[in-house]
Amino acid sequence: MTDSSASTGSAFPTGPGEPDPAAARTVFLVAHTGRPAAIRSAELVVQGLLKSGLGVRVLEHEAADLPLPPEVELVAECTPTVLEGCELLIVLGGDGTLLRGAEFARGSGVPMLGVNLGRVGFLAEAERDDLDRVVDRVVTREYEVEERMTLDVLVRTNGDVVHRDWALNEAAIQKVSPERMLEVVLEIDGRPVTGFGCDGIVCATPTGSTAYAFSAGGPVVWPEVEALLMVPISAHALFAKPLVTSPDSVLAVEVQTGTPHGVLWCDGRRMLELPSGARVEVRRGTVPVRLARLHHASFTDRLVAKFALPVSGWRGAPH
């Protein structure tokens, strides 16, 4: 998955002067237990937190694959309520695991701190080699929290609302039949823009601008920019450029009647079939996802590092 964000960019500092006693603090841990690296990383993080007097909570089905001490609290249900009383959600894994953690974080309001064990991992704040620093910063509360814009997604058929969803990265309307294009009409703020046949349309946040929207040819949007993106996928049209709108705009994609049915994917995790004639509306989400940040590294540096961009020969501005 990816980064960039369309949120306020505001940060809420937390520091060692907070009144809560360390013994009362609890951290929730989510890990991709299918990866040996995640199992070892989870073990190190749990040991470090427990040694410093913090409580650790883990889902039962994940705990079965992790070498956890008996002090770890186990919970059965995968719902946002399992984070009640937790200060932080630490997620160990790749982009898919980070997006799964974001579902918990959004529903609970608990900040998520991601440790990347995958390839790109724009949403992650740290890499596998940073585990000791992650534990130290959590224990001493040396982190800040920023809010990332989300999307609220609404699906209508025959004028009736039939589905509501949300996304941190993107809502993607895609074709199902490989041999036939999806015929759509795009709308922004209640006005038609254009129509064409395509493989799909990606409606994204700035956070999602480095994910699916990026693969489809969309622009990279910096985290502090508030905007919505609409990016066509393999459109058969002269005017099929990525569009960047106000964060207060309402984007709509209408699947034309008579065209093969499509499918809606939210963050690549939740799917809904779209019948011919369906209408998908996307707007700024009312509930953000909160991300814990350990440092103030610029997004430019993160972009260069994640994509291994060539910057040799750069001299910088004259002093």
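The model is predicted, so local features need pLDDT of at least 70 and side-chain atom pairs count only at pLDDT 80 or more, while totals for chains, interfaces and linings use all residues. Residues are numbered from 1 along each chain as its sequence is written, and side-chain values use heavy atoms, with hydrogens and water left out.

**Aromatic pairs**

Let's start with the rings. The structure has five aromatic pairs. Rings of Phe, Tyr and Trp (for Trp, the six-membered ring) pair if their centres lie within 6.5 Å; planes under 30 degrees apart are called stacked, those over 60 edge-to-face, and the rest tilted. Two of these pairs are set out here.

| Pair | Type | Centre to centre | Angle between planes |
|---|---|---|---|
| Phe 122 and Phe 299 | tilted | 6.1 Å | 35° |
| Phe 214 and Phe 307 | stacked | 4.9 Å | 15° |

Phe 122 sits in the loop between strand S6 (112-116) and strand S7 (126-127), and Phe 299 belongs to helix H6 (residues 299-307), so this pair ties together parts that are 177 residues apart in sequence. Helices (H or I, at least four residues) and strands (E, at least two) are DSSP runs, numbered from the N terminus. The second pair also links distant parts of the chain, with Phe 214 in helix H5 (residues 212-215) and Phe 307 in helix H6, 93 residues apart.

**After helix H6**

Trp 314 is found in the segment after H6, and at 73% relative accessibility Trp 314 is exposed. With Leu 309 and Val 311, Trp 314 makes a nonpolar surface patch of about 360 Å². Like charges are joined within 9 Å, and nonpolar side chains (Val, Leu, Ile, Met, Phe, Trp, Tyr) within 5 Å. Accessible areas come from the Shrake-Rupley method with a 1.4 Å probe, and for residues only the protein chains shown count as cover.

Ala 308 also lies in the segment after H6 and is exposed, at 64%. Its phi is near 50°, a positive value in a residue other than glycine. Most residues other than glycine have a negative phi.

**The open sheet**

Six strands form an open sheet with antiparallel pairing, in the order S16-S15-S14-S11-S18-S19. Two strands pair if DSSP finds at least two bridges between them. Strand S16 (243-245) and strand S19 (270-274) are the edge strands, each pairing on one side only.

Strand S18 (residues 262-266) and S19 pair over five bridges, in the antiparallel sense, and Cys 266 stands opposite Arg 270 in S19. In the loop between S18 and S19 lies Asp 267, which is buried at 5% relative accessibility and has a positive phi near 60°.

Terms used: Patches are made of residues with over 30% relative accessible area and no salt bridge: like charges are joined within 9 Å, nonpolar side chains (Val, Leu, Ile, Met, Phe, Trp, Tyr) within 5 Å. A salt bridge is a side-chain nitrogen of Lys or Arg within 4 Å of a carboxyl oxygen of Asp or Glu. Buried means under 20% relative accessible area, exposed over 50%, partly exposed in between (1.4 Å probe, protein chains only).
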